[in-house]
Amino acid sequence: MRSDMLSSILSDLNGSSADIEASGVISTDGLMMAAELPAGMDEDRVGAMSAAMLSLGDRTSQELARGTLEQVLIKGENGYVVMTHAGSDAVVTVIAKSNAKLGLIFLDIKRAAESIAQLL
Amino acid sequence: MSDIHDFEALTRYAKSFTGLTAEREACLLDVSAQLKPMLGAVTDEFYARLSKIPETAPYLEGRLESLKKSHLAWIESLFTGPFDINCTELMYKVGDIHVKVNLPVEFMAGAMSMINNELISLVINEFSDDKEKMTLVLSSINSITSFSLFVMQQSYQESTVAEELDKFLKISGMSRVLFTNLANAYEN
């Protein structure tokens, strides 16, 4: 049931913008809880890597006196990866196109993360 | 080798490299009574030499007598056996202890070389009248000291990697569970 509800949130998130290519909810231990990923993308790797990036991001933010981490943003040649805490036990990862409107994406992610946090 | 050590596999692996055969194991037991009374002198000479090396001397300060006692027990065990997985496990733990006291890795190979030099002199002195026996004893001692070094170095390598990993996890804030899941995700 919860897995279906998580999938539903991710489905809405993916549908909110044509610029979002994939999304997933991952435990802080790096295990995938729900995912809307394109074929060919390894769920286990996406999950573990996302959690690892957020963990490093937490540490970096503290060490460099930036306070509590809000988000990790990776910008690549082919687009963005955005990772955000969804409560204390989960991470939401979104993969977006290179021409994505980040302001709108961040807003959609924030809303999705809040819904996920409430569900968990 | 993982956290749960397969000492049976390590024993087999070490013996295959070092040539510690059943014949050589039997030889070590055979010469035990003759050589054991002389091993105290080997230990003394070993530590006398170590004390003269500037890099090793600091590790001996205030601990010489207890180190000599442990060393003598170990060198006697080379002629006692059994040369089984318990022996392997013991040598593995010795390697781990060396890491924990931050002993540089080259000390193990250097020390074993010094010990072998002393034992070679001893064997030549005792068995020069019987070349065949002398050859067998020398090769048996070479096998058991090499076996000990092989296992200790294996342990040393694994303990060092484990320590480095602990440091990385502490610095990065990553949990061990997350690290394991990350490693598993990239196993294939």
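In chain B of this predicted model, helix α1 (residues 7–18) packs against helix α7 (residues 131–172) at an angle of about 135°, and their axes lie 9 Å apart. That angle makes α1(B) oblique to α7(B), since angles under 35 degrees count as roughly parallel, over 145 as roughly antiparallel, 65 to 115 as roughly perpendicular and the rest as oblique. Axes here are lines fitted to C-alpha atoms, for helices over the stretch in contact, and angles run from 0 to 180 degrees between N-to-C directions. Helices (H or I, at least four residues) and strands (E, at least two) are DSSP runs, numbered from the N terminus.

Residues are numbered from 1 along each chain as its sequence is written, while chains are lettered from A and ligands numbered from 1 in the order in which they are written. As the model is predicted, local features need pLDDT of at least 70 and side-chain atom pairs count only at pLDDT 80 or more, whereas totals for chains, interfaces and linings use all residues.

The crossing of α1(B) over α7(B) is right-handed; a crossing is left-handed if the near helix is turned anticlockwise from the far one by less than a right angle, and right-handed if clockwise. From α1(B), the residues L10(B), A14(B), K15(B), F17(B) and T18(B) meet S143(B), S146(B), F147(B), F150(B), V151(B) and Q154(B) of α7(B). Two residues are in contact if their C-beta atoms, placed from the backbone, lie within 7 Å. By class, this contact of α1(B) with α7(B) has six nonpolar, four polar and one charged residue. Ala, Val, Leu, Ile, Met, Phe, Trp, Tyr, Cys and Pro count as nonpolar, Asp, Glu, Lys and Arg as charged, and the others, Gly among them, as polar.

On the α3(B) side the contact uses Q34(B), L35(B), M38(B), V42(B), E45(B), F46(B) and R49(B), and on the α6(B) side M114(B), I115(B), E118(B), L119(B), L122(B) and E126(B). These residues divide into eight nonpolar, one polar and four charged.

Chain A has three helices and five strands, in the order α-β-β-α-β-β-β-α from the N terminus. Its C-alpha atoms fill a box of roughly 35 × 35 × 25 Å along the principal axes.

M83(A) is found in strand β4 (residues 79–85) of chain A and has 25 other C-beta atoms within 10 Å. Leaving aside neighbours within four places in sequence, M83(A) is in contact with S50(A), M53(A), L54(A), Q71(A), V72(A), V91(A) and T93(A). I109(A) lies in helix α3 (residues 102–119) of chain A and has 24 other C-beta atoms within 10 Å. With the neighbours within four places again left aside, I109(A) is in contact with V82(A), T84(A), V92(A) and V94(A).

Where the chains meet, the contact takes 10 residues from chain B and 12 residues from chain A. Helix α8 (residues 176–185) gives the most to the chain B side, with five residues.

Technical notes:
Buried ≥ 20, exposed ≤ 12 C-beta atoms within 10 Å, placed from the backbone.
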